[in-house]
Amino acid sequence: MKILRSIAALRELDRPVHLAMGFFDGVHRGHRQVIASADTAGALRGVLTFGQHPLSLLAPEKQPSLLTPDAAQKAALLGDAGTELLLVLPFTRELAALSPCAFLEALRETGHVVGFSVGRNWRFGAHGAGDAAFLMAYAAEHGLRAVVNNLAECRGERICSSRIRELLAAGELAAATEMLGHPFGVAGVVEQGQHLARALGFPTANIRVAQPAALPPFGVYEAEVCVDSARYRAVANLGIRPTIDEAEKVVRLETHLLDFSGDLYGRHLTFELTRFLRPERRFASVEALRAQIAADVASVR
């Protein structure tokens, strides 16, 4: 999958592109439907998205937590959905100020955009003035293809990122996963830690959770992770390590991979949370923590 960072870079393509447009947080089943509809014959299946949620600039107090705050994880999910070309635009005040017509003109004038796909509720341009009807009219006027997708549903309920965030926050991991259409994952680069888990006999791969992140409740989860094409079952603790005294408390995912040996430092990994085991809690002693970790591992095995 080729990744571009500016509209101007579209001019360098050697093939036309049909762009699915949206923020696509979580890359859920509805998003995948929009991406699949970017299917003009002979054209690349493209996705236009933004590096930051628009509300982070326009109304920071309203910015939602994100299902995919990690850019590499989001790009990988978009690739899995069939994206051949990914255009990631920085969401700036200049971009936000473009009228709907000016935004579409900037894309059309590259000479390579032949179609657009969106969800029925997508809005674009300054003050959200552009909508599906505007896009359809613009495309018809300029001989472009436009596909407006109806909103996807799951068990009679509309699929949307905000609803998936609510399900996660309520601990309804299975329902959130069903709406996503893929396991909910936490991604990041494995960091050097204090080696406390290793001293307890359960070495972990530790990542700081990118923010602002939409997460299920803090606790211990059964998980899976792919390392060099091999999949490993794992036990993962999501939270702030209340048993460990430290000056700075940040949200981490600490994951013990079953039957794995090797060095993961510096690797970017996505840990898929598949089952909730227990809440995170403070233990009276390190020995009590060791015993509980052993019990968690036994439960997953």
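Hi everyone, let's start at a helix pair: Arg163, Ile164, Leu167 and Leu168 in α7 meet Leu173, Ala175, Ala176, Met179 and Leu180 in α8. Contact here means heavy atoms within 4.5 Å. Sorted by class, the residues of this α7 and α8 contact come out as 8 nonpolar, no polar and 1 charged. For those classes, Ala, Val, Leu, Ile, Met, Phe, Trp, Tyr, Cys and Pro count as nonpolar, Asp, Glu, Lys and Arg as charged, and the others, Gly among them, as polar.

Before I go on, a word on what you are looking at. This is a predicted model, where local features need pLDDT of at least 70 and side-chain atom pairs count only at pLDDT 80 or more, while totals for chains, interfaces and linings use all residues. Residues are numbered from 1 along each chain as its sequence is written, and side-chain values use heavy atoms, with hydrogens and water left out. Helices (H or I, at least four residues) and strands (E, at least two) are DSSP runs, numbered from the N terminus.

Back to our pair. How do the axes of α7 and α8 cross? Helix α7 covers residues 161-169 and helix α8 covers residues 173-180; their axes come within 7 Å and cross at roughly 160°. That makes the two helices roughly antiparallel. The axes are lines fitted to C-alpha atoms, for helices over the stretch in contact, and angles run from 0 to 180 degrees between N-to-C directions. Angles under 35 degrees count as roughly parallel, over 145 as roughly antiparallel, 65 to 115 as roughly perpendicular, and the rest as oblique. The crossing of α7 with α8 is left-handed, meaning that the near helix is turned anticlockwise from the far one by less than a right angle; clockwise would be right-handed.

Now move along to the loop between α8 and β9 (185-189), where you will find Phe184. Is Phe184 buried or exposed? Its relative accessibility is 2%, so Phe184 counts as buried. The cut-offs are under 20% relative accessible area for buried, over 50% for exposed, and partly exposed in between, using a 1.4 Å probe and protein chains only. Leaving aside residues up to four places away in sequence, Phe184 touches Leu67, Leu168, Leu173, Thr177, Ala214, Leu215, Pro216, Phe271, Glu272 and Leu273. Take Phe271 from that list: it sits 87 residues from Phe184 along the chain, with 8.4 Å between their C-alpha atoms.

Look for Asp25 between β2 and α1 (29-36). With residues up to four places away in sequence set aside, Asp25 touches His31, Ser65, Leu66, Leu67, Thr68, Ser161 and Arg165.

Helix α5 (residues 100-108) packs against helix α6 (residues 132-142) at an angle of about 45°, with the axes 11 Å apart. That makes α5 oblique to α6. On the α5 side the contact uses Pro100, Cys101, Leu104, Glu105 and Arg108, and on the α6 side Phe134, Leu135, Tyr138 and His142. By class, this contact has 6 nonpolar, 1 polar and 2 charged residues. The crossing of α5 and α6 is right-handed.

Which residues of α5 are buried? They are Pro100, Phe103, Leu104, Glu105 and Leu107. Their cover includes β2 (17-21), β3 (44-50), β4 (85-89), α4 (93-96), β5 (113-119) and α6.

For those of you who think about cysteines: how many disulfides does a search of the whole structure find? It finds 0, a disulfide being a pair of cysteine sulfur atoms within 2.5 Å. For Cys154, the nearest cysteine sulfur is that of Cys160, 11 Å away. Cys154 is buried at 6% relative accessibility, while Cys226 is partly exposed at 37%.

Finally, some backbone details. The peptide bond from Gln211 to Pro212 is cis, with omega near 0°. Pro212 lies in the loop between β10 (205-208) and β11 (219-227). His127, in the loop between β5 and α6, has a positive phi near 60° without being a glycine. His127 is also exposed, at 86% relative accessible area. Asp228 has a positive phi too, about 50°, and is not a glycine either. You will see Asp228 in the loop between β11 and β12 (230-239), exposed at 60%.
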